[in-house]
Amino acid sequence: MTVSGLTVVKGKKTLAQRILGFFGKGVVNVVLIVVALFWLIPSVGLFLSSLRSVGDNASSGWWTIFLEPAQLTIENYANLLQNDAITGSFFNTIMIAVPTTVAVVLFGSLAGFAFAWIQFPGRDWLLIVVIILLAVPLQVAFIPLAQMFGSIGLFGSVLGVVLFHVAFGLPFAIFLMRNFFMQVPGELLEAARLDGASEWRIFFLVVLPLGTPAIASLAIFQFLWTWNDMLVSLIFTNSQSQPLTVAIQSQLRQFGSNIDVLSAGAFLSMIVPLIVFFAFQRFFVQALLAGSNR
Amino acid sequence: MTEAAVAPAVTPSPKSGSRRPSGTGSRRRMFLIALGFLAPALVLLGALVVYPIVYTVIRSMFSADGSAFVGFENYATMFTNDSTFTAIRNNIIWVIVAPAACTILGLVFAVLLDKIKWATAFKLIIFMPMAISMLAAGVIFRTIFQESPNLGVVNAAIVATQEAFGGPTAAYPGAEPREDTGIIAEQGSVGSESAVTAGGQQDFALVGVRASELPENAAQAEVAEAPSSDQITGTVFLDVVRGGGGTNGEVEDGKTGLPGVTVDAVTADGSIAASGTTDDSGRYVIEGLGSGDYTVALPASNFQEGAGGVSWLSSAFITGVVILSYIWIWAGFAMVMIASGLSAMDRSLQEAARVDGASEFQVFRRITAPLLAPVITVVFVTLIINVLKIFDLVYVIPPGASKPAANVIAVEMWTVSFGGGNNQGLGSALALLLLLLVLPSMIINVRRFRKERER
């Protein structure tokens, strides 16, 4: 799959097509502008809410900011950064997302290479097991792992959450990396083997460098997934190890009076994913396409 | 997002034996090498995914605290317990509505993209919600669907539109009952003091409406016609004679009828049996009433200042709102997948059809859509798997009062096993129900893999 997800290939059009298209185009443009506005308003609204004081948010909507720009304040963010629970959870989010991503990429690539290029008995059966595990809902592991982690002292720790995410991230990672490694030309590996290189050397020096685009896709996908997770952390962390998502959701009970923490906090939690997304969206799209398009 | 964000398609394995010469010693050596590569993944998958599945199967047949074997009792509970049953019903609604809506929107966007110059910008805007957490999306949607039109942008837009088109805004803000005329004000509404029997009459003498605020069509108040046995009739009028005079509570010359007022006949248990609306002279007729006593009331909507907002986050609408937030996130996924399918497509067929005089719609139906079918299927299946496991949005958006109405299986599973229910037997059964529901997609994945391997 070489097509970037976010470019459009234009076909050539006949003259009649163009004349007809000219009138159609105006309508399409207007419709899509309206759609785009509908899609933007929610996020813009949250952002503007986060730049208004609690009092303003309780008495009027964010759109009044266009009439009274004086409402603008960074007070909410200033408060947020002085809130130890929030800054601590931001740090926890990093401590969960980064190691998870590294482990998933490393273990997934290793296994993916074995499935792609090493002949061993039962390989296809094992791969079928991995494919089955792709769709297993997280829920089936909650109760057993809560007990297991409880008995070995991992419950409530960052490490426990990381292990959970790594395990459930692996099937997709193995799959993605295997499919990518299959496309590496076999002659390259044969040549290296004839030169007497071990499989480990081949993996680290030949295959892994070639796999950079796939690794980037996988890493970004896994990072965003882990960064944005709330469910797993809701169960497996405590107030010391909770990530940003869990810290923010605990404010939901008093939605109206906590709108300052909620809006600014939610936006804070979005900043890193948005930067990653806009910087690397090509790889993210490719991770999504990886399985499907051929 | 789910882990298995995309239903996989498989690159076939190389035909066995083509790689290297294999003696028994070499086979064994290769096995050990492979084990070295696979070990970390296999240990983690075995201990943290496969073992838990087995454990959950067994645990689902034990009681809440795990002390007693109960067989399939937890599964029976699942379908008889009210909140669990609501969860299953809601999941069905989700599966029917959300994947189809996302796929159709994605398809429409992807096709229309071709026709605009700012396609890349449009794609980024629609796709962006995929990058943020469902928690953030939940906070966003909870904010925009707030009930007060002063705070929630959706209701603000609705109220503004209604006002712009002179829609059903309150007609008589500030109106009050005339004292000692048999009617009383109660929580914003005005009702008859004593019960009215079907076949009876009830007039409403109101004050507190300025003459300048009266609608243009308001005319001289008239005495209502005598009711038949299944009717209640009466007149709603402004109990003021211009220039003074008259008797309080009587329909007389110089008093104006109040048109457009809703009048409800309310039964003893508080439900509305039937309603009527006043005409230009203020007369109303409520028809089709069974014999019995009713309180006749003018509901508060007649008197409130400005129009109120719709309670989007109430039990009635909550699932719709949450599904809407899901569509906001996932339509972009469908669009990007389908658009990439479109751009990978050889357009010569479409061009040929157009040259032959096929209409744009025919080209789409006969050529583009069939060619896109595989991609659309993948998107659809992926979304179904994803929707079955939906948790965050349903956990975040509904306020406490409408949480029960919005319930889905994944949230119920969390609630009964961790969120206070502490029934890990039922929780395990629910987790297995989820596993069971995604089983068909697992089978599809495996079959696709085997088929492609045979090629």
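The model is predicted. One helix pair lies in chain B, the other lies in chain A, and the two chains also touch each other.

**Helices H7 and H9 of chain B**
- Helix H7 (residues 318–343) of chain B and helix H9 (residues 360–388) of chain B have axes that come within 9 Å and cross at roughly 160 degrees.
- Angles over 145 degrees count as roughly antiparallel, so H7(B) is roughly antiparallel to H9(B).
- The crossing of H7(B) past H9(B) is right-handed.
- On the H7(B) side, the contact uses Trp330(B), Ala334(B), Met337(B), Ile338(B), Gly341(B) and Leu342(B).
- H9(B) contributes Leu372(B), Val375(B), Ile376(B), Val379(B) and Leu383(B).
- Sorted by class, this contact has 10 nonpolar residues, one polar residue and no charged ones.

**Helices H3 and H13 of chain A**
- Here helix H3 (residues 75–82) of chain A packs against helix H13 (residues 259–290) of chain A at about 80 degrees, and the axes are 9 Å apart.
- That angle makes H3(A) roughly perpendicular to H13(A).
- Asn76(A), Tyr77(A), Asn79(A) and Leu80(A) of H3(A) meet a set of H13(A) residues including Asp260(A), Val261(A) and Leu268(A).

**Where chain B meets chain A**
- Chain B gives 98 residues to the contact and chain A gives 94 residues.
- Helix H1 (residues 24–59) of chain B supplies the largest share of the chain B side, with 18 residues.
- That side of chain B has 67 nonpolar, 19 polar and 12 charged residues.

Terms used. Residues are numbered from 1 along each chain as its sequence is written. Chains are lettered from A and ligands numbered from 1 in the order in which they are written. This is a predicted model: local features need pLDDT of at least 70, side-chain atom pairs count only at pLDDT 80 or more; totals for chains, interfaces and linings use all residues. Axes are lines fitted to C-alpha atoms, for helices over the stretch in contact, and angles run from 0 to 180 degrees between N-to-C directions. Helices (H or I, at least four residues) and strands (E, at least two) are DSSP runs, numbered from the N terminus. Angles under 35 degrees count as roughly parallel, over 145 as roughly antiparallel, 65 to 115 as roughly perpendicular and the rest as oblique. A crossing is left-handed if the near helix is turned anticlockwise from the far one by less than a right angle, and right-handed if clockwise. Two residues are in contact if their C-beta atoms, placed from the backbone, lie within 7 Å. Ala, Val, Leu, Ile, Met, Phe, Trp, Tyr, Cys and Pro count as nonpolar, Asp, Glu, Lys and Arg as charged, and the others, Gly among them, as polar.
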